[in-house]
Amino acid sequence: MDLQLKGKTAVVTGSTAGIGLSIAEELAREGARVFVTGRSQPNIDEALKVVGKAGDAEGVVADVGSAEGCAALIRQVPKVDILVNNLGIYEAKPFAEIPDEDWLKLFNVNVMSGVRLSRHYFPQMLAAGWGRVIFIASESGVMTPAEMVHYGMTKSSQLALSRGMAEQTKGTQVTVNAVLPGPTRSEGIIDFLKSVSPQAKDAAEAEAAFFRVHRSSSLLQRLIDPAEIAHLVAYLASPLSAATNGAALRVEGGLLRSIV
């Protein structure tokens, strides 16, 4: 299927590894010109070795988890057709031990990065009559995990932000959607799995224990491959997805026990 992305430009935040890297690679493969973002030039250079093989890609060094970093990205890339707000951080911590600074840090990185960039690019898309804003949220935004309530809060916020922005797109060809990945095989995930299953002897046992104890409702019962998420994101970025707007689309392995 031709996703009709040739000639489109896209920014993918946090795209030097994991889900973001796979999304950048998939968009480039489909013909979009992709701006890969990250906090360091070496990381950007490594990511471009992957994304550059797939298609047209350029790197932008900017820490979009901060207001200054968002401003730096906007200066270097003042206009795009597709914005993928992928940047996110997480940690496992008992609720009573989460200090104010951790709540604020996760909100600033996970939510405000998307707010700041959307505040710039979204009005341009509305004026042009075409554009795509995609938030990489999480199933944790629907079913808040007990081991990281502050992370779940940020993902719920992204869902509210996405839907509220979509309400402003009536009569245009602009869409705003959120994607809900489940636990995904990405950088740092094994350390996280081991932190919540400390008795596990190795990575495979930690993964199995995590799904058995903490995500027993998952139908997939394994970590999701980032490419499996990127395929959905590429479709949402495409003109072919025009009728999908204001939606929260699940790619979480059947973890959420809901029919909608």
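Trainee: How do α4 and α5 lie to each other, roughly parallel or roughly antiparallel?

Mentor: The model is predicted: local features need pLDDT of at least 70, side-chain atom pairs count only at pLDDT 80 or more, and totals for chains, interfaces and linings use all residues. Residues are numbered from 1 along each chain as its sequence is written, and side-chain values use heavy atoms, leaving out hydrogens and water. Helix α4 (residues 100-128) and helix α5 (residues 149-166) pack at about 15°, axes 8 Å apart (lines fitted to C-alpha atoms over the stretch in contact, angles from 0 to 180 degrees between N-to-C directions; helices are DSSP runs of H or I, at least four residues, strands E, at least two, numbered from the N terminus). Under 35 degrees counts as roughly parallel, over 145 as roughly antiparallel, 65 to 115 as roughly perpendicular and the rest as oblique; therefore α4 and α5 are roughly parallel.

Trainee: At what angle do α1 and α2 cross?

Mentor: Leu-21, Ala-24, Glu-25, Ala-28 and Arg-29 of α1 meet Ala-47, Val-50, Val-51 and Ala-54 of α2. That contact has 7 nonpolar, no polar and 2 charged residues. The axes of α1 (residues 18-29) and α2 (residues 41-54) come within 7 Å, and the crossing angle is roughly 25°.

Trainee: What reach does α8 have from its first C-alpha to its last?

Mentor: Helix α8 (residues 226-237) has 12 residues. Its expected span is 1.5 Å times one less than the residue number. That gives an expected 16 Å, and the model is close to it, at 16 Å.

Trainee: What covers the buried residues of α8?

Mentor: The buried set includes Pro-226, Ile-229, Leu-232 and Leu-236. Among the elements covering the buried residues are α1, β4 (82-85), β5 (130-136), β6 (173-181) and β7 (248-251).

Technical notes: Contact means heavy atoms within 4.5 Å. Ala, Val, Leu, Ile, Met, Phe, Trp, Tyr, Cys and Pro count as nonpolar, Asp, Glu, Lys and Arg as charged, and the others, Gly among them, as polar. Buried means under 20% relative accessible area, exposed over 50%, partly exposed in between (1.4 Å probe, protein chains only).
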